[in-house]
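Let's take a walk through this one together. Have the viewer open and follow along as we go.

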Amino acid sequence: MFIGAIGCEPLQLARVHLENSRSLDVYRKNGGYQAIKKVLDSMSPDDVINELKKSALRGRGGAGFPTGMKWSFVPKDSPKPKYVVCNADESEPGTFKDRYLMERDPHMLIEGMLIAAYALGAKTNYIYTRGEYRYLIDIMDVALEEARAAGLLGNKILGTEFGCEIYTHTGAGAYICGEETALLSSLEGMRGHPRMKPPFPAVSGLYAAPTVVNNVETLTAVPDIIKMGGEAYQKLGTEKSGGTKVWSVSGHVNRPGVYELPMGYDDMEKFIMEDCGGMLGGKQLKAVIPGGSSVYIMRADQIIGKDVRMDYEGIVAAGSSVGSGGFIVMDETVDVFESTKNLTEFYKHESCGWCTPCREGTDWLVKVFKRIAAGHGRPEDAQLMLDLCDNIEGKSFCPLGDAAAWPIQSAIKRFPEDFRKHLVTSIDSGVST
Amino acid sequence: MSTEVIKVNINSKEFEVPKGARLIDVCRDKGFDIPSFCYYSDLALQASCRMCLVRIEKMPKLQTSCTIICTDGMIVTTQSEEIEKAQRSMLEFLLANHPLDCPVCDRGGECELQEMTFDWGGLEERFIEKKNYAPEKYLSPMVANDPQRCILCKRCTRVCDEWMGEDAIEAGGRGANTVIGTYGGWLDCSQCGNCIEVCPTGTLLDGTYRHQARPWELAQTISTCSYCSDGCEMSLGSRAGELMRIVARDRYVNGHNGEFLCIKGRFGHPFVNHEDRLRTPLIRYKKGGKLIPATWDEAIRYTAEKLKAAAAAYGPDALGVVGSPRITNEANYALHKFATEVVGTKNYAATDAFSLKPFFDNLGAPLATHRDIRYAKTILLIGGEPEELQPLTAKQIRQAVSNGAAKLIVINSVPIRLVEHAAQFIHIRPGMENAAVWALGHSSNETTAAQKMGIEANELSALRQTITETEGDVVIMFGGELNAAAQMIVAQLANSFRADTRRVLLHPLPLYNNSVGAHDMGMMNGAMSVAEMLDATGSSIRALYVAGSFLPEHLRGREEALAKLDFLAVHELFETDTTAFADVVLPAASFAEIDGTFTNNDGLVQRVRQSIPPVHQAKPDWMITAALAAELGKDFGFQMSASAVFREIAERIPAYSGLRYPVLKDESNPVQARYNIVEPRDLSSALNELKQTVAALPDDGEKSNVTPRVGHELFKIGTLTDKVSQFHLLAAGNPRPDTVRVSPLYQITVDAKLERDAAVSGD
Ligand SMILES: Cc1cc2nc3c(=O)[nH]c(=O)nc-3n(C[C@H](O)[C@H](O)[C@H](O)COP(=O)(O)O)c2cc1C
Ligand code: SF4
Ligand code: SF4
Ligand code: SF4
Ligand code: SF4
Ligand code: FES
């Protein structure tokens, strides 16, 4: 498996190959904890937020919300405590970058969180991981202990007046607990159900206090932004998508792995065919899900010869989105009906059950898929599925409902032949690319 | 909500609405129908059913109108093709895994899902897949659960949490497998059944009424609860002379309790048609002999003769007349009239646990209504245990605290469950409530009182500060622990605490459904209390005429008292410890069989309405008293009509003046009696008296640190709850049965203990 940067100097992955990369020593010897020092020595919280804004860093958890802007929403004058929560739930199918970042360079996350805590005035901070990442908690706990012993955590960090704590916490392994408000419910000890927005967590989050929830990769980008300056970081990428992005590549390529690319990397076809070592066994590319399961699936002909730039705008223009950066490559042997059925079963299993359309819609859709797979497909089933998706999309309580609908909608529209095979007669459902 | 007005445009019409108004409420108020399941006013927002979708200009998606607060200039569409498709599809989703067998569902005919399906359901079912299945089961003797019918609106879990403070049920599982369940498989809670009441589907069901009747067979009668002094409005469902169930459903009733009832109000009715009900009048011709059935004429004649003879021999004051806080105003009024105008005795009283006469005689502020309690800013609770004894009051307190940010201050010797919601808990030694009132009466008493109560003096000054810093309503509540002087001081506290921005309202916590009414009818004005009369039997009291029975606490230690009487006549529903000594027992009609009124602890005068004909030969209490009066030569002029009795009450009792049954017709607009609010009183002698009381209190005493178990007072409210077999199970600690699976319907036969029906047992 490949881990490394292509097309840029590694930032996020700068230390992952070093021996003992987890240790405080190695982190420090390789530029670690200099950003927090710089912040505490010479920057005000507002300065930090300004650098973040200049960096054009967008949240890496999936929604791509500008991080500097999110931080600036936290009401400074609120008498309540403030919290920074690291979303290390990483439950999006096809996504495994956060796990490598934490496993190999835990101090980078700690430093990012310290800077965030300083910028937002948070004294208590949490790292929330999915239940299956128990072993990562152990790694993080060791790193936190090291940092504490070195005066990088607790009171008077680096001898300054600034102090804060970071705690780890695991969920029980529910996809919905990656959604930030459900994560907060779970962190508070309640059922992992999402909460109503507004109020957004920045205003009323953990224990109804202002809270910033950021993905691991978002937070690990922060030390480099501080060190090189927001502008320099932005310039690594494009105007609206600053910096570099870590992709989790899986599927039918010769070299799956964790790839750091500059934002705006040119282009997706080259990435698959050259950087990732080309298609496994020399087969034909059939489809790509570029951003974790919750985005539109792309046909090969939306990629081949289309010069798809790998950043937020570029992939949207090509008909999908960056999402979590879980880049799933599928060759000609894949039946998109089957792969979509598989994903729908995932969403059905993970629907939290709070709202009607997602709970009942995913259950119904899975039953339709299973019936078709068992050979009882009816010509009208494709239309039925599209209609059910339409009844879910935009009507669910949280985005999981949408996320369940999009793969099906795009799969039926972009791979009608794969569905047609399973149904008695053809579908004429306005195939669009 | 502010008085500021903003403009919203709904379906191309402009409306002015108060700032802060919720869109769904505004739309409905303006006549635009919005379907909903999960929205429930005054409960936490859920926004999960997604039925209430509307289109709001400048917003990207359809919006749930239950979560939207109107803003000025908002442009809203509630009806369009897009919206209708969305709403129909939500209903289609809800019905996908739903059994859709309304004919065999206990909620059929009064189900919100069924009604909504008529309006928004499709003609064809597109769902041709296998439906998910989850077995039915009993969650407790009261609550049955058929999870397949659940639409996960979570009204049930929210009322359990927010109204009851119990949090006893929660969703388990995930996604389409989510079911409402309990922690540990068996429901250990107050068994109020409010989760059943608010459930819009046939999921949570009354376990005691399951498969007993269909709603359309029931005659629904709006009446008032016969248990506690909160006076919940309720709907009595009867069929062919049998009371089948009680609900508070607001489609039938819209009283001050909304859809709330407690376990007693909802489930405590089996006494009405119980086989032990007295069938005929009974006469014991010889002391020590048997009670022998008699006709009404014989019984009335016999009683009249005996009373006349006793009065002739010992004078009228040797006759005691005893009313009851359980029976109607009409009944107590008739008894009072009988005592004063027919017998001419000064010895009459009602069998209440304590008298509120000193409180009402010195009333210095209006009584709080339950609505006032919900919106109060500060609530001071001195003694009492409303969560057991006045459950609606407790619910209002909880909601005031959790939904309205009110501050609750509890003064109690026991950490009652409400303490969990308290901003301040003043944990006093047992029996020290009077000392607390003495300290409230004057700040100079605080130090001494604090010492007695075993608390810090600054706890009392903190309490004083909370009250004097309140803007809005302060409600002061008190239980039966206060003596006469303390009641007087509480009644007058408003004079020291009210301000321009602060109202002080009072809320007494008597125990019984008509404690206040019995007081109002004058039954507490007699020369002797009930206990004093019992102590005087055989000497100054020779005969007693009693409606209802003596309380166990009255008879405790006075087991011989009734045997010493020359004559005892009793109106009763059942044979009791009191009738055991009676010479005549007259079968009375229960609240379900009569017309009348009860007055609750808000001073609301509410209607009791006849739901079924009197059982066997029972008669309304006032009618029995009137017959006895007639036999003794006095025509009460009641003309066999309860409304005539009430008209006379309204003429004679100033607080009730102007009231008539038609004025009390609408339970959604309850009428409060107009109690006289007295000029500020000189409290020095009361304070002095209290000082003596406090000085005599012991200087030590163990404070309890044990929070009382839910339901520990369930039986306090009298002999009637005794007739509910399920209550015995609860009293025995609500044991978890081996198996509660019910498929095919597994019956739990509960008759003091749990018994399996052999025919359907087995898992
Ligand atoms: C169903 C669902 C699952 C999600 N799972 C994750 C996750 O595993 N990790 C993550 O960082 N963000 C996840 N998100 C996104 C978060 O809600 C949130 O946007 C993100 O944590 C914000 O951090 P960022 O601004 O740094 O991206 C998920 C969102 C949804 C709707
Ligand atoms: S869309 Fe609804 S049911 Fe699905 S995960 Fe979100 S809240 Fe839960
Ligand atoms: S009966 Fe009452 S206390 Fe028990 S679960 Fe239902 S609502 Fe909660
Ligand atoms: S049991 Fe009834 S009230 Fe509770 S969630 Fe289900 S449908 Fe709603
Ligand atoms: S709270 Fe009181 S009035 Fe209401 S149902 Fe219970 S006992 Fe009856
Ligand atoms: S009523 Fe608005 S979502 Fe249920």
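B:Met640 sits in the loop of chain B that runs between H21 and helix H22 (642–652). This is a predicted model, so keep that in mind throughout. The backbone at B:Met640 does something worth a look: its phi is near 60°, a positive value in a residue other than glycine. Most residues other than glycine have a negative phi. Is B:Met640 buried or exposed? Count the C-beta neighbours inside 10 Å and you get 9, so B:Met640 counts as exposed.

Helix H21 (residues 621–631) of chain B packs with helix H8 (residues 329–343) of chain B, the two axes lying 7 Å apart at an angle of about 20°. Since angles under 35 degrees count as roughly parallel, that angle makes H8(B) roughly parallel to H21(B). The crossing in which H8(B) passes H21(B) is left-handed. Which residues do the meeting? On the H8(B) side, look for B:Glu330, B:Ala331, B:Ala334, B:Leu335, B:Phe338 and B:Val342. Facing them in H21(B) are B:Asp621, B:Trp622, B:Thr625, B:Ala626, B:Leu628 and B:Ala629. Sort the residues of this contact by type and you have 9 nonpolar, 1 polar and 2 charged.

Zoom out to the whole of chain B. Along the principal axes, the C-alpha trace of chain B spans about 90 × 65 × 50 Å. Of the 763 residues in chain B, 54% are buried. As for how the chain folds back on itself, take the contacts with a separation of 6 or more: residues 24 or more positions apart account for 69% of them in chain B.

Where does chain B touch its partner? The contact takes 25 residues from chain B and 25 residues from chain A. On the chain B side, helix H2 (residues 81–96) gives the largest share, with 6 residues. That side of chain B divides into 14 nonpolar, 6 polar and 5 charged residues.

The C-alpha atoms of chain A fill a box of roughly 75 × 45 × 35 Å along the principal axes. Buried residues account for 57% of the 433 in chain A.

With 10 C-beta neighbours inside 10 Å, A:Asn20 counts as exposed.

Then there are the peptide bonds; most peptide bonds are trans. A:Pro198 and A:Pro199, though, are joined by a cis one, with omega about 0°. A:Pro199 is in the loop between helix H8 (180–187) and strand S5 (211–215) of chain A. Another cis bond links A:Asp266 and A:Asp267, where omega is about -10°. Look for A:Asp267 in the loop between strand S8 (265–266) and helix H11 (268–275) of chain A.

Terms used: Residues numbered from 1 in each chain as written. Chains lettered and ligands numbered in written order. Predicted model: local features only at pLDDT ≥ 70, side-chain atom pairs only at ≥ 80, totals over all residues. Axes fitted to C-alpha atoms, helices over the stretch in contact; angles between N-to-C directions. Helix = DSSP H or I, 4+ residues; strand = E, 2+ residues; numbered from the N terminus. Parallel < 35°, antiparallel > 145°, perpendicular 65-115°, else oblique. Left-handed = near helix turned anticlockwise from the far one by under 90°. Contact = placed C-beta atoms within 7 Å. Nonpolar A, V, L, I, M, F, W, Y, C, P; charged D, E, K, R; others polar. Buried ≥ 20, exposed ≤ 12 C-beta atoms within 10 Å, placed from the backbone.
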